[in-house]
Amino acid sequence: MEDKECNRVDFMRLVSEESCSSTVTDELCVNYQTEIFDQLPSSLARQRTHHHHQDRGTTETSHLVEKHLGQAGEARDRAPTQPIRSLPVCMQRKREARDLRHLQTRTVGRWESWKRNQSINRKRLWEQVGEAMSRLLPWSSTLHTIEGRFGVGVKAYFVFLRYLLYLNLLLCLVIGGTILTPRVVYDSDGDRGLLRFEENDSVLDLFVGSGFLERSPVFYGFYARSSLDLLCLNTPLLFLLGTLTVLILSLVMVVRRTVVGYKHTWLLGNRYHIHMSYKVFCGWDFCIQDPEVATLKLSFIRNELKLYLEEERFQQREARRTLGQWARLYFLRGLLHFLVLVLLGGAFCLIYYATMASQAERSGDYLILRVLLHYLPPIVITLVNFILPHVFRHISFLEDYSITTQVNATLVRSIFLKLASLGMYLFFLFRNSQQECWENQFGKEMYKLSVFDFLACFCNTFFIAYPRKWLLDRYPSSWLARLSGKQHFLIPFNVLDLVYSQTVTWVGLFYCPMLPFIETVKLMAIFYIKKLTVLQCCVPAQRMFRASSSSVLFHFMLLLGLIMAVITLGSNLHKFEPSSSCGPFVGSATVFNVTAVCVDSLPGPAQSTLRYLSSEAFVLPLILAQIVVLTSFESRRRANGKAIERLKDMLVMVGYLLITVLVNPIPAGDGRLPTDNSISEP
């Protein structure tokens, strides 16, 4: 029995290096396709439909093509859009592929051949355009360097930051086209201007959001009704349209990104593993000639091997646990979960008292003290969001999870802390908001949260990270240097800062329309600040984690922030009446009354159509149609999953047969394969 166990061959499903890359390593990589997808039921059905009208050749020509297919071997035209000269085969196989394409062309008519050539040319053109666009992406060389030194996880943060920058640039275009530009062009008060300075204005207004900044396009009160005052084209309607467009566009982009990442993570989930020998013997690119690129490639392989070894070490330790050890571990995890709840409750109490102190009137205090009191809630929220995630990180370490699970648990707890603290602050703020132009006041609070978040990032880099690096370089043996230790770039906390900042932008969008512009500038500055922090102050982490699953969690947390912003904004617009002293909705009972006025001015058929589309009679068939579509997609998903499992088993069987032939070659004249018993024999 022992000999049989020793001689047993274990087979693991391997994937190519391209399919093992993370979803965040290349933003243009949307459809993750492999060759086995050509055998899925849906793909086969499309191929049968596509090739049905092509089977018009003679039987003799078809047999000739089949014969040539058998002779071509590796030169089968699996990628007809790829030029023959770029195929990774020898010259003989390229000639066979060329002859095969000629034979396939003669089996169809001229019109079908011309359409096929045009389709191939279009696909090649789009591939070249995509490659050119990928080379134009900003910060590509910087991201490549960061990935080589710190792994794909740190690079995932910077790619996520770049994605948010693109998103905010798109939001800026929408806000500029629907809200800002019409207000400036059709300004009824021509000498009002975008900025109006008065005697009491100061530099501190930039931080508080008062003075000249309060009278600028940054806040809600600037966008009063202008000369553009038609029934279906006016400032209030454009303001509402721009806000809804931004939210819907953000929802579509974030959901699409999350779904694509989840699809890739599911495809390369637990059933796929990267064998160590595959990385050692097949991971090197022999086309590399630059020494720096070779060093980076070596770092890539080393980081992936460290990750693999870390996961294997944890799985072995987990497999050796006894029942008593599992019981003690679950009891410890229960106590730590209770501790997390206590810490969250204490954080919410601090935010409540800070909000009450900030809203209190103090007219006799000094200017600096008043500014600090204005910033008291952002300061408390920032301190809570800075300290507690580190506590959560140590708690997840004590819970003895794998490195990827530790990161994900810290992310979930920290994002709940950040979003819940922001939600509690908004609740306390709205409950005590009794000012005349409460929209401007709420916009100021969101503006202060955004500004203070950037100030915290700046101070953390130049007043904490750099002095700490200097201390470690100059006095490495001092007790303070040993206490602080080496700096690592903590991916979860930095990603949470980005999610929190973007959530603040979405929440304050209606009351501070210029927040996307501010967020764009802030993200560009944060990129270079974090780049300096990583390259100058941090060292690579000793424990690596896989970024593919965490990148999906990044976008899922961003989706949660967007949902929270939509719920908060919708409830506020529905519950509170617009102020009668500022803004475009002066005199309206609710914000949505402007749409009712526009609908009433339309012709009768148009009114009936719009009212039907907004009624329950249309919603019910729409929901039923969505259920039918989702059911069909779920059926196709299950069918494709079963086909993938069958193809995996077939690959394992083929590998088994190959290993069998290599271990015990077939004797001459014998056509049968050796059995399992022959393999087990010494």
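In which helix does T568 lie? T568 lies in helix α20, which covers residues 547-575. Helices (H or I, at least four residues) and strands (E, at least two) are taken as DSSP runs and numbered from the N terminus. The model is predicted: local features need pLDDT of at least 70 and side-chain atom pairs count only at pLDDT 80 or more, while totals for chains, interfaces and linings use all residues. Residues are numbered from 1 along each chain as its sequence is written, and side-chain values use heavy atoms, with hydrogens and water left out.

The protein chain contains 24 helices and zero strands. Of its 682 residues, 40% count as buried, where buried means under 20% relative accessible area, exposed over 50%, and partly exposed in between (1.4 Å probe, protein chains only). Contacts are heavy atoms within 4.5 Å. Among contacts in the protein chain with a separation of 6 or more, 77% are between residues 24 or more positions apart.

Confidence is given as pLDDT, the predictor's confidence in each residue, from 0 to 100. The protein chain has a mean pLDDT of 75, and 74% of its residues reach 70 or more. The lowest confidence is in helix α3 (residues 59-72), with a mean of 41, and the highest is in helix α19 (residues 515-537), at 92. Over residues 1-42 the pLDDT is below 50, and this stretch has 86 contacts in the model beyond near neighbours in sequence. Residues 50-79 also stay under 50, with 35 contacts beyond four places in sequence. Where pLDDT is low, the predicted coordinates should not be read in detail.

The unreviewed UniProt entry places the feature "transmembrane region" at residues 163-186, 237-255, 330-355, 367-388, 409-429, 552-571, 612-630 and 650-668. UniProt positions are given in the numbering used here, feature names are shortened, and annotations may be inferred rather than shown by experiment. In the model, residues 330-355 are 100% helix and 0% strand, with the end C-alpha atoms 38 Å apart. Residues 612-630 are 89% helix and 0% strand, and their end C-alpha atoms are 24 Å apart.

The largest nonpolar core has 107 residues, of which F158, M446, W506, F510 and M557 touch the most other members. A nonpolar core is a set of buried Ala, Val, Leu, Ile, Met, Phe, Trp, Tyr and Cys residues joined through side-chain atoms within 4.5 Å. Helix α7 (residues 152-185) supplies the largest share of this core, 16 residues. Leaving aside neighbours within four places in sequence, M446 is in contact with Y425, L426, V504, V507, G508 and L515. With residues up to four places away in sequence not counted, T568 touches L426 and V507. The C-alpha atoms of T568 and V507 are separated by 7.0 Å, although the residues are 61 apart along the chain. T568 is buried, because its relative accessible area is 15%.

Helix α19 holds E519, a residue that counts as buried because its relative accessible area is 0%. Beyond neighbours within four places in sequence, E519 is in contact with N168, S450, S501, Q502 and T505. The side chains of E519 and S501 are joined by a polar contact of 2.7 Å. A polar contact is a pair of N or O atoms within 3.5 Å; within protein, one must be able to donate a hydrogen and the other to accept it, and residues adjacent in sequence count only if both atoms are side-chain atoms. E519 and V504 are 15 residues apart in sequence and 9.6 Å apart in space, C-alpha to C-alpha.

Zero disulfides are found in a search of the whole structure, a disulfide being a pair of cysteine sulfur atoms within 2.5 Å. For C538, the nearest cysteine sulfur belongs to C537 and is 6.3 Å away. C538 is buried, because its relative accessibility is 6%, and C172 is buried at 9%.

D400 is in the loop between α14 (376-398) and α15 (403-431). Its phi is near 60°, a positive value in a residue other than glycine. Most residues other than glycine have a negative phi. D400 counts as partly exposed because its relative accessibility is 22%.
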